[in-house]
Amino acid sequence: MSDLRRIRVLLVDDDPIVCAGLELMLSSADDVQLVGRADDGDQALEAIRTHRPDVVLMDVRMQRQDGVTTTGQIKRLDNPPRVVVLTTFDADDVVVRAITAGADGFLLKTSSPTQILDAVRGVDGGQATLSPATVRAVFAHVASSDDPQRTAARTAVTRLTDREREVSVAVARGLSNAQIARELYASEATVKTHLASAQHKLGVTNRVSVAVVVTKAGLV
């Protein structure tokens, strides 16, 4: 396994028992390397500068600075790492705030080791990761809210080409790149190109945010 690229992971959590479990889980994977740990959100930025992680596993509730605030700060860095938010609860407002802050994934700490490792690998490869319950929470919130950003979302989607719009809507429907490629009779590389262009035009950084924008715009 010496030639295998290892995904560098930073853990941000103030619960030593949870950290011990996550560290044991991460150490079981040949393609993942735990490079550091921060005990609180206010330590995370310095830890990122020191350890240069690819992915940050972020707790929500911490004593000094919460994980949502910290995620927003991380995403304002140049070339920020991916962030997967882990929490013991799945309240709708927490999910939506984390995604709005730029989180690339959101999972419960009760998720299986396989699910958490798959989330790390997925976001490292550019795939946002949400549990099914989280997806429902996000889009129920978007659909029911009287959000002033709806008008902005409708304006933003007019910048998309027809193909970019098709890909974006398919993302909002929960399809993977491979599934979108089959549905649109295109290659996965082409789908990735359209999705990257759509993200740029919509001013977002991941596929979950693309899905939120097109849902606010009424395309889903």
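Before you start, note that the model is predicted: local features need pLDDT of at least 70 and side-chain atom pairs count only at pLDDT 80 or more, while totals for chains, interfaces and linings use all residues. Residues are numbered from 1 along each chain as its sequence is written, and side-chain values use heavy atoms, with hydrogens and water left out.

**First stop: Asp59.** Select residues 55–59, which form strand S3, and find Asp59 there. Helices (H or I, at least four residues) and strands (E, at least two) are DSSP runs, numbered from the N terminus. An unreviewed UniProt entry places "modified residue: 4-aspartylphosphate" at Asp59; UniProt positions follow the numbering used here, feature names are shortened, and annotations may be inferred rather than shown by experiment. Asp59 is buried, with a relative accessible area of 6%. Buried means under 20% relative accessible area, exposed over 50%, and partly exposed in between (1.4 Å probe, protein chains only).

Now show what surrounds this residue. Neighbours within four places in sequence aside, Asp59 is in contact with Val12, Asp13, Asp14, Gly67, Leu86 and Lys109; contact means heavy atoms within 4.5 Å.

**Second stop: Asn79.** Move to the loop between helix H3 (67–74) and strand S4 (82–87), where Asn79 is found. Asn79 is not a glycine, yet its phi is positive, near 50 degrees. Asn79 is exposed, at 77% relative accessibility.

**Last stop: Tyr185.** Go on to the loop that links helix H9 (177–184) and helix H10 (188–202), and pick Tyr185. Here too a residue other than glycine has a positive phi: that of Tyr185 is near 55 degrees. With 79% relative accessibility, Tyr185 counts as exposed.
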